Amino acid sequence: MLIVMHHRATPAQVQKVVDTIGEMGYRAKPMVGHLRLAIGLVGNDGGVDSARLAGLDGVQDIIKVSKPYKQVSREWRDEDTVVDLGNGTVLGGPEVVVMAGPCAVEGRDQILGIAARVRELGASVLRGGAFKPRTSPYSFQGLGLRGLELLAEAREATGLAVVTEAVAPEGVALVAQYADVIQIGARNMQNYPLLKKAGSAGKPVLLKRGMSATITELLLAAEYLLSEGNPDVILCERGVRSFDPQTRNVFDLTAIPLVKSLTHLPVIADPSHATGVRTKVTPMARAAVAAGADGLIVEVHPNPPDALSDGAQSLYPDQLSELVSQCGSIARAIGRSLAPPPELPAAGPASGRVVRDVR
Ligand code: PEP
Ligand code: MN
C-alpha cells in the first residue's frame, strides 16, 4: 500500500503517517519522487485499516498495489531504477551496458587477459564465476576464493566492474567483499535464504530468471531482495526450458518488454545461456537490444574449446567485437547507445585497494 502525501504536506505530517504505520505493526518506507512524496507500507497489507491513514493530515491518496509483488512493481514506483555499478557505469538509464567474460575464472592469465580484451572491445563489466553451480558434482566447481581474488585483480587492472555468483547463503558476505554485483543464478532464483542474504549484503544484485520460472515468480524473487532493503536489483532473462534440444534453452524475448512494463527495475539479457550455441549468441543479443534490454551479459573465452565450462556457447574475443558493433547500431536506432568502457586505471602500484569494503 502507498500513502501519497499532498505536495504541501509538512515534515511533521509525514512523520505522523510514518509513526502511525509503525503503531499498526507495519514498516514505513518514505520515498521522495520527482513529483510526489509517498510512504510505502511494507508488509502483508491485506487487513490494513486504510481509513485510519486516509484521515491523517497531509494525506492525499491511498493506493492499493494490486500485484502480489509490491516494491518491485511500477505501481509502487513509476520511475526507472538506475543501478550504479561503482565504476562510472550505470544500468537502467539510456545506455545499454555490455557485461562480458568467461563462464568461470580458470586462472590468472585467463582472467586478466580476457578482462583486458573485453574492455578494449567495449565491455564495462567483467563476468566470471568463482563458485559454479554445476549440474554434475564431477564438473569444475570454480576456483572459489582464489577466483574472487583474481577478479578483484582484474578490476584493478582494467577498471571494469565485476559480477560474480554467490551460490549459498553462507558465501554471500565473501562474494560481496570482492564483487561489485552479486549474481544469483537461475538454479537459485527461488533459494529464499540466499535471496535474503543477498538482499542485505550492501551490493547490487543480478537476479537471473529460473529455468522454469514464470514472470510473476521472477518478480516475487526480486521482491525478497527489495524487502530486505536492497533497491539495486537487475533482472536477467536467460532462457527457459523447452522440449526441443536444438538449443540449450528458449530465449523468451517477450519477457524483456513485458518485465519492463511490470517493474521499474532494469532488465538485461543473457543470450549465451539462452541459446547455448555460439553462432546464435550475437543474433539474440541484437534482438535483446531491439526489444529494450538495458544490458547484455555474454560469455567470452580466449579459447572456447578449452573452456572448463560452457565452451560451446562462449564467443571468441573477435566475435564480441562484432556483437558490440552491431548492438551499438541497434541501440542508436532506438535512441540509445552502448555504455562506454571505463577509463583504464592509472598504471603503477597501489592504484587502489584490491579488496573493497562492503558498502
Ligand atoms: C552463468 O552465468 O554462468 C550461469 C550459471 O548462468 P545461469 O544461472 O543463467 O544458468
Ligand atoms: Mn555459464
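Donors are the N, O and S atoms that lie within 2.8 Å of the metal. In the predicted model described here, the donor residues of the manganese ion (ligand 2) follow the spacing C-x169-H-x25-E-x10-D in sequence. The residues concerned are Cys103, through SG, His273, through NE2, Glu299, through OE, and Asp310, through OD, and they coordinate the manganese ion at 2.1 to 2.4 Å. Glu299 and Asp310 link distant parts of the chain and stand eleven residues apart. Glu299 belongs to strand E14, which spans residues 295–299, whereas Asp310 is placed in the loop between E14 and H11; helix H11 covers residues 317–333. The backbone of Asp310 has a positive phi of about 55 degrees, although Asp310 is not a glycine.

Ligand 1 was examined next. The residues around ligand 1 are Cys103, Arg127, Lys132, Glu165, Gln183, Gly185, Ala186, Arg187, Lys208, Arg238, His273 and Glu299. Oxygen atoms of ligand 1 are approached by polar side-chain atoms of several residues, including Arg187, at 2.9 Å, and His273, at 3.2 Å. For Glu299, a polar side-chain atom lies 3.3 Å from an oxygen atom of ligand 1. On its own, ligand 1 has 300 Å² of accessible area, and the protein covers 97% of this area.

The pockets were considered with the protein atoms alone. The largest pocket has a volume of about 450 Å³. Its lining is made up of 19 residues, and those nearest the centre of the pocket are Met31, Gly33, Trp76, Arg77 and Glu79. Strand E2, formed by residues 27–32, gives the most to the lining of the largest pocket, contributing three residues. In terms of class, the lining of the largest pocket comprises eight nonpolar, five polar and six charged residues.

Over the whole structure, one cavity of 30 Å³ or more is found. The volume of the largest cavity is about 40 Å³, and the residues that line the largest cavity are Arg209, Leu218, Cys236, Glu237, Ala255, Ile256, Val259 and Val267. Two or more residues of this lining are given by strand E12 (233–237) and by helix H8 (255–262). H8 supplies the largest share of the lining, with three residues. The lining of the largest cavity divides into six nonpolar and two charged residues, with no polar residue.

Terms used: Residues are numbered from 1 along each chain as its sequence is written. Chains are lettered from A and ligands numbered from 1 in the order in which they are written. This is a predicted model: local features need pLDDT of at least 70, side-chain atom pairs count only at pLDDT 80 or more; totals for chains, interfaces and linings use all residues. Side-chain values use heavy atoms; hydrogens and water are left out. A residue is near a molecule or strand if one of its heavy atoms lies within 4 Å of it. A polar contact is a pair of N or O atoms within 3.5 Å; within protein, one must be able to donate a hydrogen and the other to accept it, and residues adjacent in sequence count only if both atoms are side-chain atoms. Accessible areas come from the Shrake-Rupley method with a 1.4 Å probe; for residues, only the protein chains shown count as cover. On a 1 Å grid over the protein atoms alone, a cavity is a set of points where a 1.4 Å probe fits but cannot get out, and a pocket is an open set with protein on both sides within 12 Å along at least five of seven lines; lining residues have an atom within 4 Å of a point. Grid points are joined across faces, edges and corners, and a volume is the space filled by probe spheres set on the points. Helices (H or I, at least four residues) and strands (E, at least two) are DSSP runs, numbered from the N terminus. Ala, Val, Leu, Ile, Met, Phe, Trp, Tyr, Cys and Pro count as nonpolar, Asp, Glu, Lys and Arg as charged, and the others, Gly among them, as polar. Donors are N, O and S atoms within 2.8 Å of the metal (3.2 Å for Na, K and Ca); water is not among the atoms, so sites may look incomplete.
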